[in-house]
Amino acid sequence: MAAAMEEKRIGCIGAGKMARGVLGGIIAAGKVPVKHITVSAPSDTNLGYFQDQGCNTTHSNVSVLYKCDIIFLATKPHLIPTVMAEISSAVTSNHVIISMAAGVSLQRLEKVYMFAEALADGAVKMGMPSDLSRRIAAQTLLGAAKMILETGDHPAKLRSDVCTPGGTTIHGLHELEKGGLRATVMNAVEAATQRARELDRY
């Protein structure tokens, strides 16, 4: 795992307090060489800190996508649509993009892991070996993410495409709807967004 992390290129769009918080922790952990970290900002005002740390810096958000695998969006919530429109042409299915201000943050990744864990546990309950169930759950999430990125289709369309009338998928989705999955996830995003805005005032 350590070797794998050393090969990752981490980028950050934005160089303010959020960027310092996340990248500072990554740098302190020492698991990613600073030469593999690239930070962008429209001016040099905040980039000096990262230059002093040994990171690469740039004024181009798009260049971060070309150089890095994992991208943190350390921007204020109202700027995210503009940034996403700017970098959209450079985004590929190999990128992992994490918004730190719009609710789709590191905290929300915990929910993804919990969902993957639940998928795997459900398979174990039905008799599948634990190791195999975890691999299948991970591949399911990876495949779904790639389909969204590569097709450009709305997730609702992709969901509809895989629901055979009377089949297993629609029965499973019915159970998720009864549990309020979509409403719960939307509430989690809203709560994280509101908290990010509160923290931005400090």
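Helices here are DSSP runs of H or I with at least four residues, strands are DSSP runs of E with at least two, and both are numbered from the N terminus. One of those helices is α5, residues 80-87, and Val83 sits in it.

Before going further, a word on the model. It is a predicted one, so to speak of local features a pLDDT of at least 70 is needed, side-chain atom pairs count only at pLDDT 80 or more, and totals for chains, interfaces and linings use all residues. Residues are numbered from 1 along each chain as its sequence is written, and side-chain values use heavy atoms, with hydrogens and water left out.

**The whole chain**

The protein chain has 10 helices and five strands. Of its 202 residues, 29% count as buried, where buried means under 20% relative accessible area, exposed means over 50%, and partly exposed is in between (1.4 Å probe, protein chains only). The accessible surface comes to about 12800 Å², and carbon and sulfur atoms own 59% of that; such areas come from the Shrake-Rupley method with a 1.4 Å probe, and for residues only the protein chains shown count as cover. Now take the contacts (heavy atoms within 4.5 Å). Among those between residues at least 6 apart in sequence, 62% join residues at least 24 apart.

**Back to Val83**

Val83 counts as buried because its relative accessible area is 8%. Leaving aside residues up to four places away in sequence, Val83 touches Ile13, Leu73 and Thr75. Asn61 is 22 residues from Val83 in sequence, and their C-alpha atoms are 7.8 Å apart.

**Two strands side by side**

Ile13 also belongs to the story of β1, a strand with both faces covered: Ile10 and Cys12 on one side, Gly11 and Ile13 on the other, all buried. Strand β1 (residues 10-13) runs parallel to β2, and four bridges join them; two strands pair if DSSP finds at least two bridges between them. Across the pairing, Ile10 stands opposite Ile37, and Cys12 is opposite Val39. Strand β2 (residues 37-40) is likewise covered on both faces, with Ile37 and Val39 buried on one side and Thr38 and Ser40 buried on the other.

| Cysteine | Closest cysteine sulfur | Distance |
|---|---|---|
| Cys12 | Cys55 | 9.5 Å |
| Cys68 | Cys12 | 9.7 Å |

Cys12 is too far from that sulfur for a bond, and so is Cys68 from its own closest one. Cys12 counts as buried because its relative accessibility is 1%, and Cys68 does too, at 4%.

**Out on the surface**

The structure holds one salt bridge, meaning a side-chain nitrogen of Lys or Arg within 4 Å of a carboxyl oxygen of Asp or Glu. The side chains of Asp153 and Lys157 make it, at 3.8 Å from N to O. Asp153 counts as partly exposed at 26% relative accessibility, and Lys157 counts as partly exposed at 42%.

There's a nonpolar surface patch as well: Phe115, Leu119 and Leu176, with about 220 Å² of accessible area together. Patches are made of residues with over 30% relative accessible area and no salt bridge, joining like charges within 9 Å and nonpolar side chains (Val, Leu, Ile, Met, Phe, Trp, Tyr) within 5 Å. Phe115 lies in helix α6, residues 106-125, and counts as partly exposed because its relative accessibility is 33%.

Definitions and conventions: Disulfide = S-S within 2.5 Å.
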